[in-house]
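Dear colleague,

Please find below the structure that I am handing over to you.

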Amino acid sequence: MREEFVRTGMLFGEKAMEKLAASRVAVFGIGGVGGHVAEALARSGVGALDLIDNDRVAPSNLNRQIFAVQSTIGMLKVDAAEQRLHDINPECSVVKHAAFFMPDTADGFDFTQYSYVVDAIDTVTGKIEIIMRAAAAGVPVISSMGAGNKIDPTAFEVADIYSTSVCPLARVMRRELKKRGVESLKVVYSKEEALTPISGLCDDSGSRRSTPGSNAFVPSVAGLIIAGEVIRDITGFSR
């Protein structure tokens, strides 16, 4: 076992570390939530990561996105992520997709190649497409629900989508997935009521209403919870 992963191996065991090294995980969206997922997986010894995001690092990302630092502003997020992940784990294979995942771009992805899929994007249409494609390929998927406008990192739960409540995004996803016959989906969500962003403030996009407020400690916790679920599911670990 490589020295970098000995501490992880002390908890999960050598066979589990071999499974992680042989796995390929696709992370759709590498912003506040997905970026922390990707880094935690690389630090845990996952052998290959597909990173899907078409955005560039902006100054407004600095408050919460792990790949956003002054030196990466203006870079494609997938390029900034690859640079950092290879500095952590040079042997992790990183496949970059500078793409906005939607039904019209979905054919460019072969879901059968993935060991696990992480949905950390915001667009409902894209989220549904990810979930349906993963289901068709027989690949496990975990989906992040709403983390914007929230300030309580302790409120997150892992649940089936049909057991969720309060979260508006989860409500929409329940309705749309039920229409499509999806019987189950593992999600990370929060019952915390969302705050209303303070009037007159906006991010670099200039949007005052549609862009949610966020912080360093809520999306990061959601991402780390997701990464933990992925690692436990891949390794089959249970206490």
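Of the contacts in the protein chain with a separation of 6 or more, 69% are between residues 24 or more positions apart; contact means heavy atoms within 4.5 Å. This is a predicted model, in which local features need pLDDT of at least 70 and side-chain atom pairs count only at pLDDT 80 or more, while totals for chains, interfaces and linings use all residues. Residues are numbered from 1 along each chain as its sequence is written, and side-chain values use heavy atoms, with hydrogens and water left out.

The protein chain has 7 helices and 7 strands (DSSP runs numbered from the N terminus: helices are H or I of at least four residues, strands E of at least two). Buried residues make up 47% of its 239 residues (buried is under 20% relative accessible area, exposed over 50%, partly exposed in between, with a 1.4 Å probe and protein chains only). The C-alpha trace spans about 55 × 45 × 35 Å along its principal axes.

The axes of helix α2 (residues 14–21) and helix α7 (residues 218–235) come within 9 Å and cross at roughly 110° (axes are lines fitted to C-alpha atoms, for helices over the stretch in contact, and angles run from 0 to 180 degrees between N-to-C directions). Ala 16, Lys 19 and Leu 20 of α2 make the contact with Ile 231, Ile 234 and Thr 235 of α7.

Arg 175 lies in helix α6 (residues 168–179) and is partly exposed, at a relative accessible area of 45%.

With kind regards
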